Amino acid sequence: MEILKTQNLKKYYGVGEVCVKALDGVDFTVERGEFVSIIGTSGSGKSTLLNMLGGLDRPTSGTVIVDGKDIFSLKEEALTVFRRRKIGFVFQSFNLVPVLNVYENIVLPIELDGNKIDKNFVDSVVQALGLKDKIYALPSQLSGGQQQRVAIARALASKPAILLADEPTGNLDSVTSQDVLGLLKVTCARFGQTMVMITHNEEIAQMADHIVRIEDGKIVNNYGEVGFNA
């Protein structure tokens, strides 16, 4: 069953000869529970696409459907609420609140939304990501890899319909990157989480179930069997 779908998604900047087609008619779907990598060089449109999938920016035209909802049919306030409840984000900058400890950072979005914290689920996520001994630590007391694991736990804790990861290992060394991505993949599989990750790193992209390659705002490869090269 599909959890995300785009239809003829376009994002243009400028007009006429100076028009930049950041996205130029993107169509693809993501199945529930799938781990998808979107790969492309700098300027290919992958970050623009992720922003559209997460409702962070509105397209020039086209639709994005998340968990059965056309997100751009929503007004801004409703979209903000939908995004907070249905879409989890992991960025390369960890975006942790420095004065809050690990546990407080993880549950902060749930508290801001006024929802009850599922302590058993949060504890399971914390355990799965190897953070049990760090829940009272401040971000400044953690390594980069540990901080990114906290950011992943925070994104998972609210049980989003889909998790979007923007170069999640961009600020980590290669060994730590593999560790964090391995944990992220295992954790998402354990909790039945759907994830879409953008990256420019071919090796990291190979960890996904499904790879989408984008160039000049268009999808040029879309294949489910990792390792296929067209």
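Visitor: Which side chain does the side chain of Asp 24 meet in a polar contact?

Guide: First the general idea. A polar contact is a pair of N or O atoms within 3.5 Å; within protein, one must be able to donate a hydrogen and the other to accept it, and residues adjacent in sequence count only if both atoms are side-chain atoms. Here the side chain of Asp 24 makes such a contact with the side chain of Lys 218, at 3.1 Å. This is a predicted model, where local features need pLDDT of at least 70 and side-chain atom pairs count only at pLDDT 80 or more, while totals for chains, interfaces and linings use all residues. Residues are numbered from 1 along each chain as its sequence is written, and side-chain values use heavy atoms, with hydrogens and water left out.

Visitor: Is Asp 24 buried or exposed?

Guide: Buried means under 20% relative accessible area, exposed over 50%, and partly exposed in between (1.4 Å probe, protein chains only). Asp 24 counts as buried because its relative accessibility is 15%.

Visitor: Which residues does Asp 24 touch?

Guide: Contact means heavy atoms within 4.5 Å. Leaving out residues up to four places away in sequence, Asp 24 touches Leu 9, Lys 10, Tyr 12, Gly 217 and Lys 218.

Visitor: Where is Asp 24 found?

Guide: Helices (H or I, at least four residues) and strands (E, at least two) are DSSP runs, numbered from the N terminus. Asp 24 sits in strand E2, residues 20–31.

Visitor: In what order do the four strands of the open sheet stand?

Guide: Strands of a sheet pair through backbone hydrogen bonds, either parallel or antiparallel. Two strands pair if DSSP finds at least two bridges between them. In this structure the order is E2-E1-E4-E5, with antiparallel pairing. E2 and E5 are at the edges with a single partner strand each, so one side of each has no neighbour in the sheet. E4 and E5 pair over two bridges. Ile 65 has Asp 70, in E5, as its bridge partner.

Visitor: How many salt bridges does a search of the whole structure find?

Guide: A salt bridge is a side-chain nitrogen of Lys or Arg within 4 Å of a carboxyl oxygen of Asp or Glu. The search finds nine. One of them joins Lys 86 and Asp 67, at 2.9 Å from N to O. Lys 86 is in helix H2 (residues 76–86), and Asp 67 is in the loop between strands E4 (61–66) and E5 (69–70), 19 residues apart. Lys 86 is partly exposed, at 30%. Asp 67 is partly exposed too, at 28%.

Visitor: What does Arg 84 form a salt bridge with?

Guide: The partner is Asp 113, with the closest N and O atoms 2.8 Å apart. Arg 84 is in helix H2, whereas Asp 113 is in the loop between helix H3 (102–112) and helix H4 (119–128), 29 residues apart. Arg 84 is partly exposed at 35%, but Asp 113 is buried at 12%.

Visitor: Which parts does the pair of Lys 159 and Asp 118 tie together?

Guide: Their closest N and O atoms are 2.7 Å apart. Lys 159 lies in the loop between H5 and strand E7 (162–166), and Asp 118 in the loop between H3 and H4, so the pair ties together parts 41 residues apart in sequence. Salt bridges that share partners also join Arg 32, Asp 67 and Lys 86 into one network.

Visitor: How many residues of H5 are buried?

Guide: The count is 13 of its 14 residues. Just after H5, Lys 159 takes a positive phi of about 55 degrees.
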